[in-house]
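Me: I'm new to this one and would like to learn how to read it. Could you walk me through a few features?

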Amino acid sequence: MLGQLGYLVLESFKGWKQHRTVILPSLVTIFLCSLLLAATSLVLGGALRVLDAESSLYSIEAFLPGEIPEDSVEVLLNRLKHVKHVDSVEYVSADSALADFRRHFSAEMLELVDDNPIPPFFRMTLKEQSKTPIDLIETQKYISRMGKFEEVQAPVDWVNRIAEWKFKMVFWPVVVSILLLVTLSLIICNSVRLSLLSRKLLVENMKYAGGSTFFIQFPFVLEGLAQGLFGSVSAVIVLWILVDAFTDSFPIVVNYIDGFGGVLFLVVLVVSALSAYFSFHTVRGFLKTKRNEQE
């Protein structure tokens with residue numbers, strides 16, 4: 001049994017050399033499709049993380065002209081809580097704002113300033129059902145008209161941009177991924193079919209010699225699996241190098257490609273599984289056709 005298995009393995013890899021004119025273009029195509037598939041999956045994962053972070057953008061910060069008495073803070077706090085679309089309100093004192101600034105930014109940015117330049121402010125978040133650009137703008141304008149705040153800020157531009165591109169950010173990566181998977185399937189089927197035709201006499205002789213279906217299919221399935229594995233792993237290595245160089249130049253994108261290794265592993269797994277399955281499917285179809293012709 002082990003001797004037969006060793007023969008089948010050798011036979012599958014022997015085909016790489018004998019039929020390199022068929023195998024090489026197939027490998028190159030699988031490599032390019034796997035590279036695009038991994039890159040598209042990376043873009044899709046980043047887009048989903050942006051959409052997850054979108055919810056946190058629906059907040060408004062209303063800055064006071066300076067420190068105010070505690071009872072005035074409570075009055076404003078209660079008034080803001082009853083504003084339409086507002087879900088929660090938090091008061092941030094000047095000292096708390098300064099401490100938060102120092103946690104996220106370099107202290108050198110405040111060296112030229114003697115006093116605390118950050119005023120106290122109220123931070124508001126919108127209700128879940130009100131997290132739309134229209135409601136955010138409406139709430140910002142309403143709070144500005146109250147006349148109690150020096151400035152009222154909200155990330156309106158970012159919210160509008162994400163809302164405009166939300167559908168495209170998910171739709172096109174999904175469509176491209178599906179097209180690439182279909183292309184991979186067709187390329188693998190065509191490669192195995194050409195390999196079968198070039199070894200048609202060998203397959204028929206194996207059948208007439210009493211070779212089992214497994215004995216005939218195994219070399220082709222292993223050959224297809226090896227093509228998918230080799231092409232996808234090569235693509236993953238190239239993309240990993242490119243992404244690593246990109247994140248070194250732009251560290252901010254690291255948060256949006258978290259779990260990148262899992263995506264690459266999934267691409268290798270999917271491409272290899274597709275290669276093995278369609279190799280098996282093509283050989284089985286070929287043998288079935290031959291069986292029907294004999295009958």
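Me: Which ring does the charged end of Lys168 sit over?

Reply: A charge counts as sitting over a ring if NZ of Lys or CZ of Arg is within 6 Å of the ring centre and within 35 degrees of the ring normal. Here, the charged end of Lys168 lies over the ring of Trp165, 4.8 Å from its centre. Likewise, Arg161 has its charged end over the ring of Trp158, at 5.4 Å from the centre.

Me: What should I know about the model itself?

Reply: This is a predicted model, where local features need pLDDT of at least 70 and side-chain atom pairs count only at pLDDT 80 or more, while totals for chains, interfaces and linings use all residues. Residues are numbered from 1 along each chain as its sequence is written, and side-chain values use heavy atoms, with hydrogens and water left out.

Me: How many aromatic pairs are there in the whole structure?

Reply: The general idea is that a pair of aromatic rings is described by the distance of the centres and the angle of the planes. Rings of Phe, Tyr and Trp (its six-membered ring) pair if their centres lie within 6.5 Å; planes under 30 degrees apart are stacked, over 60 edge-to-face, and the rest tilted. A search of the whole structure turns up six such pairs. One of them joins Tyr91 and Phe122: the centres are 5.1 Å apart and the planes are at 50°, so this pair is tilted.

Me: Where in the chain do Tyr91 and Phe122 sit?

Reply: Helices (H or I, at least four residues) and strands (E, at least two) are DSSP runs, numbered from the N terminus. Tyr91 is in strand E2 (residues 86–92) and Phe122 in strand E3 (residues 121–126), so the pair links distant parts of the chain, 31 residues apart.

Me: Is Phe122 buried or exposed?

Reply: Buried means under 20% relative accessible area, exposed over 50%, and partly exposed in between (1.4 Å probe, protein chains only). Phe122 has 0%, so it's buried, whereas Tyr91 is partly exposed at 26%. Phe122 also forms an edge-to-face pair with Phe149, 6.0 Å centre to centre with 80° between the planes. Phe149 is buried too, and ring pairs link Tyr91, Phe122 and Phe149 into a cluster.

Me: Which residues is Glu151 in contact with, leaving aside neighbours within four places in sequence?

Reply: Contact means heavy atoms within 4.5 Å. For Glu151, in strand E4 (residues 151–153), those contacts are Glu61, Ala62 and Phe63.
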